[in-house]
Amino acid sequence: MAALTSLSFSAVTHCPERKKLTFSSAPFLANSSDFFGLRTHFSYHHVGVRASNSTSNMVVQCMSSVTGSCLSFELALCGYVCYAPTVSETKLNFLKAYKRPIPSIYNTVLQELIVQQHLMRYKRSYRYDPVFALGFVTVYDKLMEGYPSDEDRDAIFQAYIKALKEDPQEYRIGARKLEEWARVQNPSSLLEFSSKEGEVEGILKEIAERAAGKGEFSYNRFFAVGLFRLLELANATDPTILDKLCAALNINKRSVDRDLDVYRNLLSKLVQAKELLKEYVDREKKKRDERAEPQKANEAITTCLGEQLPGL
């Protein structure tokens, strides 16, 4: 597993004395469970802040409540919400809201997702938008395909979003609204949102303005998946359409390409993992059936003898 890295940023602004910050980050990892290449696991017991000689940096020392080890990061404190809950608190909220066991093939990726989304959620520049919601809902639904219970799948979704202190219904409604809009678009009309009026067109125009620097905008990997889903629903198969859509939204195309490659790779590995799980379950079921056959035969013989020789 990759080691935690130290992040260095230059801009720092003053935060009040009450300090409640927690961060961890790792470089891209090859394992499919490291969803979108980010593995984070971190909780704190104590946070101490000391100023360095430079006024542009501040060292945050965090004591892990799990391992007791001290992690040191140089962070741009102004980049995150000063009073955000910790990653551990978010994960605990999820576990409290959904207490039933989750099969490891799903739970491993879910735990990675919630850590990554926690870090997105509590950046100061974070702002919910339906394209991001569409991306997350797409990833979640793909991940949970084949889950044993539809009711449990929805309950896990509810617990996950509420653990991040957001509204699950807002995510579902926002994603559905964009899906319905995209289904009636074609590659050309998809790119003409800036010259049209409508609710979704207004959402896309607002995103484009914020991404151009006229407001706070924080690009993330779920946003990239949301763009991909829009193209998919509009049957926009020409690769140049994504180039043009990114340009219209003022989004870095190289970042989108990179994140979509990781997303496709994840889907491929999830399919393989689920196939292996199914083979294992089928094999174990067959073994149980084979073990049960002699027992059933003995029971049948005993029953038959008992009926034919009632006096014995």
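What percentage of the 312 residues of the protein chain count as buried? In this predicted model, 41% of the 312 residues count as buried, where buried denotes a relative accessible area under 20%, exposed one over 50%, and partly exposed a value in between (1.4 Å probe, protein chains only). Local features were taken at pLDDT of at least 70 and side-chain atom pairs at pLDDT 80 or more, whereas totals for chains, interfaces and linings use all residues. Residues are numbered from 1 along each chain as its sequence is written, and side-chain values rest on heavy atoms, with hydrogens and water left out.

The protein chain contains 10 helices and three strands, assigned as DSSP runs numbered from the N terminus (helices H or I, at least four residues; strands E, at least two). Read from the N terminus, the order of elements is β-β-β-α-α-α-α-α-α-α-α-α-α. Contacts are defined by heavy atoms within 4.5 Å. Of the contacts with a separation of 6 or more, 69% are between residues 24 or more positions apart. The accessible surface of the protein chain, computed by the Shrake-Rupley method with a 1.4 Å probe and, for residues, with only the protein chains shown as cover, comes to about 17100 Å². Carbon and sulfur atoms account for 52% of this surface.

The interior was examined next. In soluble globular proteins, nonpolar side chains tend to be buried together. A nonpolar core is here a set of buried Ala, Val, Leu, Ile, Met, Phe, Trp, Tyr and Cys residues joined through side-chain atoms within 4.5 Å. The largest such core holds 67 residues, of which I156, Y160, Y171 and L249 touch the most other members. Beyond its neighbours within four places in sequence, I156 contacts F94, Y98, I102, L110, Y140, M144 and Y147.

Helix α7 (199-214) has as its buried residues V200, E201, I203, L204, I207, A208 and R210. Their cover includes α3 (130-143), α5 (168-183), α8 and α9 (239-249).

The loop between α7 and α8 contains N220, which counts as buried because its relative accessible area is 9%. A polar atom of the N220 side chain lies 3.0 Å from the backbone nitrogen of F222. Neighbours within four places in sequence aside, N220 contacts M120 and F132.

Within helix α8 (residues 221-233), F223 counts as buried because its relative accessibility is 1%. With neighbours within four places in sequence left aside, F223 contacts D129, V131, F132, I207, F217 and I251. F223 and D129 are 94 residues apart in sequence, with a C-alpha to C-alpha distance of 8.9 Å. Helix α8 also holds R229, which is buried at 18% relative accessibility. The side chains of R229 and E232 form a polar contact of 2.7 Å; such a contact is a pair of N or O atoms within 3.5 Å, where within protein one must be able to donate a hydrogen and the other to accept it, and residues adjacent in sequence count only if both atoms are side-chain atoms. R229 also touches L134, T138, E179 and R183, residues up to four places away in sequence not being counted.

Helix α10 (residues 253-308) includes Y280, which is partly exposed because its relative accessible area is 42%.
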